[in-house]
Amino acid sequence: VPLASVVSPERPIPVFIERCIQYIEATGLSTEGIYRVSGNKSEMESLQRQFDQDHGLDLAEKDFTVNAVAGAMKSFFSELPEPLVPYAMQLELVEAHKIGDREQKLLALRDVLRRFPRENYEVFKYVIAHLNRVSQQHRVNLMTSENLSICFWPTLMRPDFSTMDALTATRTYQTIIELFIHQCPFFFSLRPPPDTPGSPGPAPATAPSPPSPARTPSPPPETLEP
(Lines give C-alpha, C1' and ligand atoms only; values in the text may rest on other atoms or scores of the structure.)
Protein backbone atom coordinates (compact mmCIF):
# COMPACT_ATOMS: atom_id res chain seq x y z
CA VAL A 1 0.00 0.00 0.00
CA PRO A 2 1.56 3.36 -1.00
CA LEU A 3 2.26 5.76 1.86
CA ALA A 4 0.13 8.47 0.25
CA SER A 5 -2.93 6.24 0.48
CA VAL A 6 -2.78 5.93 4.29
CA VAL A 7 -2.12 9.58 5.18
CA SER A 8 -3.87 12.89 4.57
CA PRO A 9 -3.21 16.57 5.33
CA GLU A 10 -5.49 16.18 8.36
CA ARG A 11 -3.78 12.95 9.51
CA PRO A 12 -0.17 13.00 8.25
CA ILE A 13 0.88 9.92 10.29
CA PRO A 14 -0.53 6.48 9.43
CA VAL A 15 -2.86 5.39 12.23
CA PHE A 16 -1.04 2.06 12.59
CA ILE A 17 2.35 3.75 13.09
CA GLU A 18 0.86 6.24 15.53
CA ARG A 19 -0.72 3.48 17.62
CA CYS A 20 2.45 1.36 17.65
CA ILE A 21 4.71 4.23 18.69
CA GLN A 22 2.29 5.44 21.35
CA TYR A 23 2.15 1.92 22.80
CA ILE A 24 5.94 1.51 22.76
CA GLU A 25 6.53 4.88 24.40
CA ALA A 26 3.92 4.18 27.06
CA THR A 27 5.10 0.69 27.95
CA GLY A 28 8.39 -0.24 26.29
CA LEU A 29 11.06 2.46 26.41
CA SER A 30 12.94 0.53 29.09
CA THR A 31 12.74 -2.79 27.20
CA GLU A 32 16.28 -4.07 26.68
CA GLY A 33 17.10 -4.45 23.00
CA ILE A 34 13.93 -2.78 21.77
CA TYR A 35 13.94 -2.97 17.92
CA ARG A 36 17.01 -5.25 18.00
CA VAL A 37 15.27 -8.26 19.56
CA SER A 38 12.83 -9.77 17.06
CA GLY A 39 9.16 -10.10 17.93
CA ASN A 40 7.21 -13.32 17.50
CA LYS A 41 6.20 -13.51 13.83
CA SER A 42 2.76 -15.03 14.44
CA GLU A 43 2.00 -12.37 17.07
CA MET A 44 3.10 -9.64 14.67
CA GLU A 45 0.85 -11.02 11.95
CA SER A 46 -2.04 -11.29 14.39
CA LEU A 47 -1.55 -7.67 15.40
CA GLN A 48 -1.59 -6.48 11.80
CA ARG A 49 -4.62 -8.63 10.96
CA GLN A 50 -6.62 -7.42 13.96
CA PHE A 51 -5.74 -3.81 13.23
CA ASP A 52 -6.83 -4.16 9.60
CA GLN A 53 -10.21 -5.32 10.90
CA ASP A 54 -10.48 -2.65 13.61
CA HIS A 55 -8.46 0.59 13.40
CA GLY A 56 -9.60 1.38 16.93
CA LEU A 57 -7.76 -1.65 18.28
CA ASP A 58 -6.45 -1.13 21.83
CA LEU A 59 -2.96 -2.65 21.83
CA ALA A 60 -2.67 -2.53 25.61
CA GLU A 61 -5.98 -4.32 26.08
CA LYS A 62 -4.87 -7.10 23.72
CA ASP A 63 -1.66 -7.51 25.71
CA PHE A 64 0.72 -7.62 22.74
CA THR A 65 4.40 -7.79 23.66
CA VAL A 66 6.51 -4.69 23.07
CA ASN A 67 8.82 -6.56 20.70
CA ALA A 68 5.87 -7.74 18.61
CA VAL A 69 4.55 -4.19 18.28
CA ALA A 70 8.04 -2.89 17.44
CA GLY A 71 8.47 -5.62 14.83
CA ALA A 72 5.07 -4.92 13.29
CA MET A 73 5.94 -1.24 13.05
CA LYS A 74 9.19 -2.01 11.21
CA SER A 75 7.34 -4.42 8.91
CA PHE A 76 4.97 -1.63 7.87
CA PHE A 77 7.89 0.28 6.35
CA SER A 78 9.43 -2.84 4.82
CA GLU A 79 6.19 -3.50 2.96
CA LEU A 80 5.75 -0.04 1.43
CA PRO A 81 6.16 -0.09 -2.38
CA GLU A 82 8.86 2.58 -2.04
CA PRO A 83 11.15 3.16 0.96
CA LEU A 84 10.30 5.98 3.37
CA VAL A 85 13.55 7.68 2.36
CA PRO A 86 12.97 8.08 -1.41
CA TYR A 87 15.64 6.62 -3.69
CA ALA A 88 16.29 9.97 -5.39
CA MET A 89 16.86 11.59 -2.01
CA GLN A 90 19.20 8.80 -0.90
CA LEU A 91 21.75 9.70 -3.56
CA GLU A 92 21.63 13.34 -2.48
CA LEU A 93 22.02 12.36 1.19
CA VAL A 94 25.12 10.33 0.34
CA GLU A 95 26.63 13.29 -1.51
CA ALA A 96 25.86 15.62 1.41
CA HIS A 97 27.41 13.11 3.81
CA LYS A 98 30.71 13.30 1.88
CA ILE A 99 31.22 16.94 2.89
CA GLY A 100 34.24 17.14 5.18
CA ASP A 101 33.22 20.12 7.31
CA ARG A 102 30.81 18.87 9.99
CA GLU A 103 28.64 22.00 10.15
CA GLN A 104 28.30 22.20 6.37
CA LYS A 105 27.53 18.47 6.24
CA LEU A 106 24.67 18.81 8.73
CA LEU A 107 23.27 21.84 6.91
CA ALA A 108 23.44 20.01 3.56
CA LEU A 109 21.73 16.92 5.00
CA ARG A 110 18.96 19.11 6.41
CA ASP A 111 18.51 20.82 3.05
CA VAL A 112 18.01 17.44 1.36
CA LEU A 113 15.64 16.32 4.10
CA ARG A 114 13.41 19.34 3.57
CA ARG A 115 12.99 18.43 -0.09
CA PHE A 116 11.42 15.07 0.76
CA PRO A 117 7.84 14.62 -0.46
CA ARG A 118 5.61 16.10 2.23
CA GLU A 119 4.08 12.80 3.38
CA ASN A 120 7.53 11.15 3.59
CA TYR A 121 8.94 14.08 5.52
CA GLU A 122 6.18 14.08 8.12
CA VAL A 123 6.35 10.34 8.77
CA PHE A 124 10.16 10.31 8.79
CA LYS A 125 10.17 13.16 11.31
CA TYR A 126 7.71 11.29 13.53
CA VAL A 127 9.72 8.07 13.45
CA ILE A 128 13.12 9.74 13.97
CA ALA A 129 11.79 11.77 16.91
CA HIS A 130 10.54 8.51 18.44
CA LEU A 131 13.90 6.81 17.94
CA ASN A 132 15.63 9.78 19.55
CA ARG A 133 13.42 9.35 22.62
CA VAL A 134 14.24 5.62 22.67
CA SER A 135 17.95 6.46 22.56
CA GLN A 136 17.61 8.75 25.57
CA GLN A 137 16.91 5.61 27.62
CA HIS A 138 19.99 3.79 26.27
CA ARG A 139 21.44 3.16 29.73
CA VAL A 140 18.42 0.96 30.41
CA ASN A 141 17.41 -0.38 27.00
CA LEU A 142 20.99 -0.50 25.61
CA MET A 143 19.79 1.10 22.36
CA THR A 144 22.00 4.06 21.48
CA SER A 145 21.41 6.14 18.36
CA GLU A 146 24.08 4.01 16.67
CA ASN A 147 22.38 0.74 17.63
CA LEU A 148 19.00 2.04 16.50
CA SER A 149 20.42 3.21 13.18
CA ILE A 150 21.89 -0.26 12.58
CA CYS A 151 18.41 -1.74 13.13
CA PHE A 152 16.50 0.82 11.09
CA TRP A 153 18.52 2.00 8.12
CA PRO A 154 17.77 -1.08 5.96
CA THR A 155 14.05 -0.69 6.69
CA LEU A 156 13.93 3.04 5.99
CA MET A 157 16.24 3.12 2.94
CA ARG A 158 16.24 -0.35 1.28
CA PRO A 159 19.14 0.42 -1.10
CA ASP A 160 19.86 -1.50 -4.27
CA PHE A 161 23.16 -3.17 -3.44
CA SER A 162 23.58 -4.35 -7.02
CA THR A 163 24.48 -0.78 -8.01
CA MET A 164 26.94 0.02 -5.21
CA ASP A 165 29.65 -1.33 -3.00
CA ALA A 166 27.68 -2.98 -0.22
CA LEU A 167 30.20 -2.50 2.59
CA THR A 168 30.80 1.18 1.87
CA ALA A 169 27.10 1.87 1.36
CA THR A 170 26.13 0.09 4.57
CA ARG A 171 28.37 2.26 6.74
CA THR A 172 27.37 5.46 4.93
CA TYR A 173 23.63 4.83 5.10
CA GLN A 174 23.80 3.70 8.71
CA THR A 175 25.77 6.81 9.72
CA ILE A 176 23.28 9.09 7.96
CA ILE A 177 20.37 7.58 9.91
CA GLU A 178 22.44 7.76 13.12
CA LEU A 179 22.99 11.48 12.53
CA PHE A 180 19.26 12.04 11.97
CA ILE A 181 18.42 10.23 15.23
CA HIS A 182 21.14 11.83 17.32
CA GLN A 183 20.68 15.39 16.01
CA CYS A 184 16.90 15.21 15.65
CA PRO A 185 16.20 18.67 17.15
CA PHE A 186 18.57 20.31 14.65
CA PHE A 187 17.21 18.52 11.59
CA PHE A 188 13.56 19.18 12.37
CA SER A 189 13.79 22.74 13.65
CA LEU A 190 15.66 25.94 12.80
CA ARG A 191 18.32 25.39 15.44
CA PRO A 192 21.93 26.12 14.43
CA PRO A 193 24.13 23.08 13.82
CA PRO A 194 25.86 21.73 16.93
CA ASP A 195 29.57 22.43 16.85
CA THR A 196 30.98 20.93 20.06
CA PRO A 197 31.80 17.25 19.60
CA GLY A 198 32.52 14.79 22.36
CA SER A 199 29.45 14.35 24.54
CA PRO A 200 28.14 10.75 24.70
CA GLY A 201 24.49 11.57 25.37
CA PRO A 202 21.85 12.01 22.66
CA ALA A 203 20.24 15.33 21.88
CA PRO A 204 16.70 15.17 23.29
CA ALA A 205 13.89 15.27 20.77
CA THR A 206 10.99 17.63 20.91
CA ALA A 207 7.49 16.34 20.17
CA PRO A 208 7.03 15.85 16.42
CA SER A 209 5.56 19.16 15.33
CA PRO A 210 6.13 21.72 12.55
CA PRO A 211 9.61 23.32 12.64
CA SER A 212 9.85 26.05 15.25
CA PRO A 213 11.70 29.37 14.79
CA ALA A 214 13.37 28.95 18.16
CA ARG A 215 17.17 29.16 17.98
CA THR A 216 18.20 27.83 21.34
CA PRO A 217 21.41 25.78 21.08
CA SER A 218 21.08 22.01 21.08
CA PRO A 219 23.09 19.78 23.42
CA PRO A 220 26.55 18.78 22.15
CA PRO A 221 26.56 15.66 20.00
CA GLU A 222 28.44 12.45 20.52
CA THR A 223 31.49 11.89 18.37
CA LEU A 224 30.54 10.29 15.07
CA GLU A 225 32.69 9.13 12.20
CA PRO A 226 32.56 11.51 9.26
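**Exercise 1. State the accessible surface of the protein chain and what share of it belongs to carbon and sulfur atoms.**

Solution. In this predicted model, the accessible surface of the protein chain amounts to about 10700 Å². Carbon and sulfur atoms account for 54% of that surface. Turning from surface to residues, 51% of the 226 residues in the protein chain count as buried.

**Exercise 2. Describe the secondary structure of the protein chain and the sequence range of its contacts.**

Solution. The protein chain comprises eleven helices and zero strands, and its elements, read from the N terminus, run α-α-α-α-α-α-α-α-α-α-α. When the contacts between residues at least 6 apart in sequence are taken, 73% of them join residues at least 24 apart.

**Exercise 3. Decide whether I181 is buried or exposed, and find which residues it contacts beyond its neighbours within four places in sequence.**

Solution. First, locate I181, which lies in helix 10, spanning residues 166-182. Next, take its relative accessibility of 0%: because buried means under 20%, I181 counts as buried. Then set aside the neighbours within four places in sequence, which leaves I181 in contact with I128, L131, N132, S135, S145, L148 and S149. Finally, consider S149, which is 32 residues from I181 in sequence, while their C-alpha atoms are 7.6 Å apart in space.

**Exercise 4. Classify S42 by its relative accessibility, and give its C-alpha separation from A68.**

Solution. S42 belongs to helix 2, which covers residues 41-53. Its relative accessibility is 48%, so S42 counts as partly exposed, given that this class falls between the cut-offs of 20% and 50%. As for A68, it stands 26 residues from S42 along the chain, and the two C-alpha atoms are separated by 9.0 Å.

Terms used:
Residues are numbered from 1 along each chain as its sequence is written. This is a predicted model: local features need pLDDT of at least 70, side-chain atom pairs count only at pLDDT 80 or more; totals for chains, interfaces and linings use all residues. Side-chain values use heavy atoms; hydrogens and water are left out. Helices (H or I, at least four residues) and strands (E, at least two) are DSSP runs, numbered from the N terminus. Buried means under 20% relative accessible area, exposed over 50%, partly exposed in between (1.4 Å probe, protein chains only). Contact means heavy atoms within 4.5 Å. Accessible areas come from the Shrake-Rupley method with a 1.4 Å probe; for residues, only the protein chains shown count as cover.
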